[in-house]
Structure formats: C-alpha cells, structure tokens
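Trainee: May we go through this model together? I would like to begin with the charged side chains.

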Amino acid sequence: ISVLLINSRFAMYGGALEPMFRRQPQWFRLLGPHFLVDQNYGLTTARNDLTHPRRFRRYWMTTSMAIGAVWLTTIAGAMIFGQTIPKDSPLSFSATCIYIALLVPNMKDRTHRHAASSAAVTALAFAGLMNGLGILAGVVAGVSVAALHKVERS
C-alpha cells in the first residue's frame, strides 16, 4: 500500500505528460520516462513553449541530466554529512513543501483548481484511515474530477 501511495503521483505525471511524449520517436518514448522525477515534471509543465517534439526532447534530457547530477551530488553529501543533522530536525516537512510548489503553479484553470480542491478535501476527510489511504482517496478524487471536467469539455 505504501509503494502504491508513494508512486501514484507518477500515474498523474504520466497522464499530464502523455501529449508531449505521444509525438516522440519510439526510442525516446521508451527511454524518456525513466528520467521522470518530481522536479523535471514541474519544470516541464511550467513551460508552454515545448510543443515541438525536438525542443521537448532536448529540454527533457537536459533537465533530467542536470537534476540527476545534483541528485547524486546531494546523496553523496548526505552520506558524508548526514550524521551532523540533529534527529529532531523538521526536514520531513520539506517533502510537503515540494509538492505544494509543484501543484500551485499548475492550477491555471477551473479544472485544475477543482481537481486540487477535491483531492485536498477528500484527503482531509479520510485522513484517519490506516496506512495513508486518505491520500490515495484524495488522488482518486482529484483524478476523477479532472477526468469528468475533460469529458464535459469534449
């Protein structure tokens, strides 16, 4: 259940990025998604100028390589200096801040705002469920609302 909860965001990321990957060559459609992390999803969806397939590929691979280099350097630093950070440090809150930073810039229209609102309300309503199932319920509610809005527009 924990793995499902933690990785459910990638299903949403994949759905949002699918139109950009659809027009790519097969090699990139197979290789590109392996570099999907929260940061390059956020960077990519914040831009409106990546409609040309080649431009998207170049941007995706550049950000992926840069993020990967920083990621590996940070891991090495954490392994070296991690013991110096106090155990009661509030660093666990940083993950919540990252998700908020990724979410807010993408709430551009009514569909996005309704999906995010329904996800938040549902997650709060079911927060008492075991193993974080309230979060999964919020994800399902948000995706469902976005899908219903998409059906209404078509």
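Trainee: Which residues are linked in a network of salt bridges?
Mentor: This is a predicted model, and in it Arg 47, Asp 49 and Arg 55 form such a network. Within that group, Arg 55 pairs with Asp 49 at 2.7 Å, N to O.

Trainee: Is Asp 49 buried or partly exposed?
Mentor: Asp 49 is partly exposed, at 32% relative accessibility. Arg 55 also counts as partly exposed, at 39%.

Trainee: How many salt bridges does the structure hold?
Mentor: The structure holds four. One of them joins Asp 38 and Arg 9 at 2.6 Å, N to O. Asp 38 belongs to helix α3 and Arg 9 to helix α1, so this pair ties together parts 29 residues apart in sequence.

Trainee: Is Asp 38 buried or exposed?
Mentor: Asp 38 is buried, at 10% relative accessibility. Arg 9 is buried as well, at 15%.

Trainee: Where do the axes of α1 and α3 cross, in terms of angle and distance?
Mentor: They come within 11 Å and cross at roughly 35°. The crossing is left-handed. On the α1 side, the contact includes Arg 9, Tyr 13 and Leu 17, while the α3 residues include Asp 38 and Tyr 41. By type, the contact residues are five nonpolar, two polar and two charged.

Trainee: What does Phe 56 touch?
Mentor: Leaving aside residues up to four places away in sequence, Phe 56 touches Met 20, Phe 21, Gln 24, Phe 28, Thr 44 and Leu 50.

Note on methods: Residues numbered from 1 in each chain as written. Predicted model: local features only at pLDDT ≥ 70, side-chain atom pairs only at ≥ 80, totals over all residues. Heavy atoms only, no water. Axes fitted to C-alpha atoms, helices over the stretch in contact; angles between N-to-C directions. Helix = DSSP H or I, 4+ residues; strand = E, 2+ residues; numbered from the N terminus. Left-handed = near helix turned anticlockwise from the far one by under 90°. Contact = heavy atoms within 4.5 Å. Nonpolar A, V, L, I, M, F, W, Y, C, P; charged D, E, K, R; others polar. Salt bridge = Lys/Arg side-chain N within 4 Å of Asp/Glu carboxyl O. Buried < 20%, exposed > 50% of the residue type's maximum accessible area, 1.4 Å probe, protein only.
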